[in-house]
Amino acid sequence: MAKQHIPLSLRRYVFQRAQGCCEYCKSQADFATQSFATEHIIPSAKGGSNDPDNLALACQGCNSHKAAKTEATDPITQQKVLLFHPRQHNWGDHFDWDDTFTQVVGLTPIGRATVEALHLNRPQVMRLRAALFLLGEHPPLI
């Protein structure tokens with residue numbers, strides 16, 4: 001299936017709804033070196049539409065690691081589970097920060113599988129979180 005064009009007005013809506021933060025790892029667009037993507041939660045290749053409820057703001061790292069994935073294996077139970085769905089799930093129900101606020105911790109099978117599949121704790125992102133924490137800019141207040 002050909003990639004679906006997402007109109008600029010819809011991309012702006014998704015950006016504003018997410019308050020400029022990746023809906024998976026909570027990276028902030030204001031401190032990113034690459035533009036964020038408006039990604040299909042259910043990929044176009046799997047029948048996903050451009051409906052706003054199927055779109056999420058994602059940093060390039062999360063978007064690249066997610067690709068067309070919709071499920072992954074929970075590293076504790078070894079069961080396949082759906083990935084975190086920003087329109088259907090609450091981030092705080094599935095994730096939390098470690099004591100240093102640099103690492104995303106999966107609290108549920110969905111959270112743990114998403115942390116692993118999307119590599120939410122990439123070393124570069126963790127270093128950026130640490131620096132932003134010292135500046136009082138992390139975690140984002142959303």
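**Ring pairs**

I looked up Phe-84 and found it buried, at 2% relative accessibility (buried means under 20% relative accessible area, exposed over 50%, partly exposed in between, with a 1.4 Å probe and protein chains only). This is a predicted model, in which local features need pLDDT of at least 70, side-chain atom pairs count only at pLDDT 80 or more, and totals for chains, interfaces and linings use all residues. Residues are numbered from 1 along each chain as its sequence is written, and side-chain values use heavy atoms, with hydrogens and water left out.

I then checked the ring of Phe-84 against that of Phe-95: the centres are 5.1 Å apart and the planes at 75°, so I noted the pair as edge-to-face. For pairing I took rings of Phe, Tyr and Trp (its six-membered ring) with centres within 6.5 Å; planes under 30 degrees apart are stacked, over 60 edge-to-face, and the rest tilted. Phe-84 sits in the loop between β4 and α3 and Phe-95 in strand β5 (residues 95-97), so this pair ties together parts 11 residues apart in sequence. Helices (H or I, at least four residues) and strands (E, at least two) are DSSP runs, numbered from the N terminus. Phe-95 is also buried, with a relative accessible area of 2%.

I counted five aromatic pairs by this rule. One of them joins Tyr-24 and Phe-84, edge-to-face, with 6.3 Å centre to centre and 80° between the planes. Tyr-24 lies in the loop between α1 (8-17) and β1 (37-40), 60 residues from Phe-84. Ring pairs link Tyr-24, Phe-84, Trp-91, Phe-95 and Trp-97 into a cluster.

**Cavity**

How much space lies in the largest cavity? I got about 80 Å³. A cavity here is a set of points on a 1 Å grid over the protein atoms alone where a 1.4 Å probe fits but cannot get out; lining residues have an atom within 4 Å of a point. Trp-97 is among the lining residues, as are Cys-25 and His-138. Helix α5 (residues 123-134) gives the largest share of the lining, four residues.

**Helix α4**

I found seven of the nine residues of helix α4 (residues 109-117) buried. Among them are Ile-110, Arg-112 and Val-115. The buried residues of α4 pack against α2 (60-66), β3 (71-73), β4, α3, β5 and β6 (104-106), where contact means heavy atoms within 4.5 Å. After α4 comes His-119, with a positive phi near 55°.

Definitions and conventions: On a 1 Å grid over the protein atoms alone, a cavity is a set of points where a 1.4 Å probe fits but cannot get out, and a pocket is an open set with protein on both sides within 12 Å along at least five of seven lines; lining residues have an atom within 4 Å of a point. Grid points are joined across faces, edges and corners, and a volume is the space filled by probe spheres set on the points.
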